[in-house]
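Subject: A structure for you to look at

Hi there,

Here is the structure I promised to pass on. Please open it next to this email, and follow along as you read.

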Amino acid sequence: MAASPESLWYKDAIIYQLHVRTFCDSNGDGIGDFPGLMQKLDYLQELGVNVIWLLPFFPSPLRDDGYDISDYTAVHPSYGLLEDFKAFLAAAHDRGMRIIIELVLNHTSDQHSWFQESRSSRENPKRDWYVWSETDDHHKGVRIIFVDTEMSNWAWDPLSKSYYWHRFFSHQPDLNYDNPAVFEAMWNVMKFWLEMGVDGFRLDAVPYLVEREGTSCENLPETHAIIRELRKRVDQEYPGKMLLAEANQWPSDVCLYFGEADEFHMAFHFPLMPRMFMSVQLEDRKPIVEILEQTPQIPDSCQWCLFLRNHDELTLEMVTDIERDYMYDEYAKDKGMRLNLGIRRRLSPMMDNDRWRIHGMGDNVYLGDRNGVRTPMQWNGGWNAGFSGADPERLYSPLISNPVYGYQAINVESQRRSQHSLLSWMKRIIHVRKSSRVLSRGSIEFLKPSNHRVLAYVRQLGEEKILVVNNLSKSAQAVELDLRKYKGSIPIEMFGGNLFPRIGDLYYLLTLGPYQFFWFRLRRI
């Protein structure tokens, strides 16, 4: 049965990722909360986003900023009450915005009651809810993800005098999905939030759900079977809800998580992300074009989720060793900017705050772990950047206050005053992006002009066509495009509505300033 247009809302989504603790503090304790977030919904609506993705807000020891969950069906007291979340959810829905929340399927905090029971006795009913072993000899050769902090995927538990399996931090024991009770418990967690009205989940670390001896313990058939069963239940009981995969794998492996449109609705395209940075630094379209040409087709009802930066390090797992060294040399010369196999910096500092490339909030690489990209939102140039009324010493994290990226200069209030600010530009580009489904649902055909500094492609949906031309260089470029198959069409620039010369029999000549780009509708007039 074909999906209804309304059920495919995620294909056109403009997703705004945020951490409740970083956004707005309503009660002056130095920590963002749901009442504060509610106060800023008008800002998000004004920006043009239509989906908000919340990082974990559940009770947690916060040793991994909330990804170490100790209770899946409550709100961390620092962020408010469950009733506050419900009020926020209703307010967002009233504005036509959907809410997706983080769900960590793979592991819990070692403080979760499930693990406390599991370790308490080998006869405890929850003993088999986690992966235990008498030795640390199993699953040899399975890669360690957090190479900077973990020496093994096994950790010794002195209470039960045995080892438990963990793919991430040692305080995050992996759940045992060979036990059907674990699956049912996590499904009950999903039902809890779906009944409340959330619109979907970003499922964390999905490739690692199942372990098998002699394998990489990643992307196993049993893992896909678990996802298919979750998807079947969601579709049957909560139609119109969405599942988004965090599967940091090569495209051929990630595509399997779409299944036959019976696993995930969306998945992040991790390999594309670092190659966009590489293309800008190299001034060459090759890294982008190559990885996209290696990306298999996915079912029509599925969608890639594209991003530049997020709350984690800029991961370099899905690049070659040579590409990783290049990225380190260009974007993280200071080894303090590196973490595991990635770079823990925000977008703007990586672009040297170049207004032609990007101009936004800075980072603080001295905070350790990934906290440098999780600093408070900068709303204005006043007390605590408008984030909180608390004494500065009470803030969960120091503000960015240096002369280049500090809140006195970079903040929402100042950017609202300028039509040329990044905020104003983002509003315009989101508005134009939402004006056509071609940019979210259309096919893509790369043009390959002789000038390798120019990335150009045509996207098409039905009879509608859009030509995109990007100058990846810091200097002006000329490019000749073979558009003869579109002879007779007039390119209409989408931001200003201006008509460019009609396409004829000759190669089409364009000149672009540094980092300039064009979006054209191709119309026969």
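The side chains of Arg233 and Glu184 are joined by a polar contact of 2.9 Å. A polar contact here is a pair of N or O atoms within 3.5 Å; within protein, one must be able to donate a hydrogen and the other to accept it, and residues adjacent in sequence count only if both atoms are side-chain atoms. Arg233 also makes a polar contact of 2.8 Å, side chain to side chain, with Glu229.

Before going on, please keep in mind that this is a predicted model, in which local features need pLDDT of at least 70 and side-chain atom pairs count only at pLDDT 80 or more, while totals for chains, interfaces and linings use all residues. Residues are numbered from 1 along each chain as its sequence is written, and side-chain values use heavy atoms, with hydrogens and water left out.

Back to Arg233, which is placed in helix H7 (residues 221–237). Helices (H or I, at least four residues) and strands (E, at least two) are DSSP runs, numbered from the N terminus. Is Arg233 buried or exposed? Its relative accessible area is 16%, so Arg233 is buried; the cut-offs are under 20% for buried, over 50% for exposed and in between for partly exposed (1.4 Å probe, protein chains only). Apart from its neighbours within four places in sequence, Arg233 is in contact (heavy atoms within 4.5 Å) with Phe183, Glu184, Trp187 and Tyr238.

Next, find helix H5 (residues 113–120), where Trp114, Phe115, Ser118 and Arg119 are buried. Why are they on the same side of H5? They cover an arc of only 120° around the axis, the arc being that of the directions from the helix axis to the C-beta atoms. In general, an α-helix has 3.6 residues a turn, so residues three or four places apart point the same way. What covers the buried residues of H5 includes strands E4 (132–133), E5 (154–157) and E6 (162–165), along with helix H6 (180–196).

E5 and E6 pair over four bridges, in the antiparallel sense. Trp154 has Trp165 in E6 as its bridge partner, and Asp157 has Ser162 in E6. E5 and E6 form a hairpin with four residues between them, and Lys161 in the turn has a positive phi of about 55°.

Now for the aromatic rings. Rings of Phe, Tyr and Trp (its six-membered ring) pair if their centres lie within 6.5 Å; planes under 30 degrees apart count as stacked, over 60 as edge-to-face and the rest as tilted. How many aromatic pairs are there by this rule? The count comes to 40. One of them is the edge-to-face pair of Phe23 and Trp379, at 5.1 Å centre to centre and 85° between the planes. Phe23 lies in helix H1 (residues 20–23) and Trp379 in the loop between helix H12 (347–350) and helix H13 (412–416), so the pair ties together parts that are 356 residues apart in sequence. Phe23 is buried at 2% relative accessibility, and Trp379 is buried at 6%. Trp379 also has the charged end of Lys40 over its ring, 4.2 Å from the centre; this requires NZ of Lys or CZ of Arg within 6 Å of the ring centre and within 35 degrees of the ring normal. Lys126 likewise lies over the face of Trp129, at 4.8 Å from the ring centre. Trp129 belongs to one aromatic cluster whose members include Phe34, Tyr72, Trp114 and Trp193.

Finally, two residues to check for their phi. Most residues other than glycine have a negative phi. Leu62, in the loop between E2 and H4, has a positive phi near 60° and is partly exposed at 28% relative accessibility. Ala385, in the loop between H12 and H13, also has a positive phi near 60°, but Ala385 is buried at 0%.

Enjoy exploring, and write back with any questions!

Best wishes

Conventions: Pairing = 2+ DSSP bridges.
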